[in-house]
Amino acid sequence: MKCSPFSLSTCVLALILFTLMPTTPSISQDFQRIYGTSLDNNFTKVIQHGANFYVLGQDQPTSGSIPHATVTRLDANGIHQWTLRLDIPSVWNDAVLTPSGDLFVVGSTLPGDATNKSIMGLVTTAGGGNFTWIRTYDVPGREGLSRIVRSPNPQNSSFPYYVLGSQFDANGNAIWDDVILMNINAAGTFNWKKRYASIDDDEFSRDLELMPNGDLVIAGNRGTRGVLYLADNTGALMNGITPSGLSFTYADVAQSSGGGFYAVGNTFPSFTPYLMK
């Protein structure tokens, strides 16, 4: 599903938000730098580690080639320390810090067709940046891993990481997916994997958020219905909500300090943005 980056309603929403924003305190900028080469490079996510930063991205090795996934280390002033680039076309979609300060990354190989694989790995700063391990996982058809979290209250304390992803729905349309949830440890060993099969095109692998008690909020859409599911630490879906009367998908969810969640998403195919609480 494609999302138009600009629309009249998006501009109106942005105008309203900027109008409502307070003028103080102001936002300061510590540094601004340009990274990369003359080819296509991009950064997609930053994870703070103490005063330093891990940054996920992609690098194009040669002109016209499919990008390769990268992990870059920057210091507190944005000075480049090192970059790890996979030697295959790929993308890192998400990452989480381990208690030791390593970075647990998840993603997929490219292109995103029947030949691709899910990938995950553990990055350490030792030796100027290295992978402690990296693995690919392959089931028939298209697949990928999109989100990872470390739970404060996992089902099994030896397996504190939960990974959300998708794989090809062999029982549906050729472009449909099923959502998967995996429970693993920092060595990449599985405790379990659940596949949420249905008769719909399941795209609720767009976001994964943690509740303080270890429950999981899973967001996206099932068919044309936007869905927010609550799952316990065993991966069992307990309940969910969906906006009525809309073809909708949720893109991101964040906890509110006063309780509950804020959620953003959009209708389709008209692409009207929504902010909900």
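Predicted model: local features only at pLDDT ≥ 70, side-chain atom pairs only at ≥ 80, totals over all residues.
Strands of a sheet pair through backbone hydrogen bonds, in either a parallel or an antiparallel manner. Here, seven strands form an open sheet in the order β1-β2-β3-β4-β5-β6-β7, and their pairing is antiparallel. The edges are taken by β1 (41-49) and β7 (130-137); each has a single partner strand, so one side of each is left without a neighbour in the sheet. From one strand to the next, the twist averages 15°.

Leu97 stands opposite Leu103, a residue of β5.

## The second largest pocket

Rolling a probe the size of a water molecule over the atoms shows where empty space is left. The second largest pocket has a volume of about 280 Å³. Its lining consists of 16 residues, and those nearest the centre of the pocket are Asn93, Ser108, Glu143, Gly144 and Ser166.

By residue class, the lining of this pocket holds nine polar, four charged and three nonpolar residues.

## Strands that line the pocket

At least two lining residues of the second largest pocket come from each of β4 (80-97), β8 (143-150) and β9 (161-168). The most is given by β8, which supplies five residues.

How values were computed. Residues numbered from 1 in each chain as written. Heavy atoms only, no water. 1 Å grid on protein atoms, 1.4 Å probe; cavity = no way out; pocket = protein on both sides within 12 Å on 5 of 7 lines; lining within 4 Å. Points joined across faces, edges and corners; volume = space filled by probe spheres on them. Helix = DSSP H or I, 4+ residues; strand = E, 2+ residues; numbered from the N terminus. Nonpolar A, V, L, I, M, F, W, Y, C, P; charged D, E, K, R; others polar. Pairing = 2+ DSSP bridges. Axes fitted to C-alpha atoms, helices over the stretch in contact; angles between N-to-C directions.
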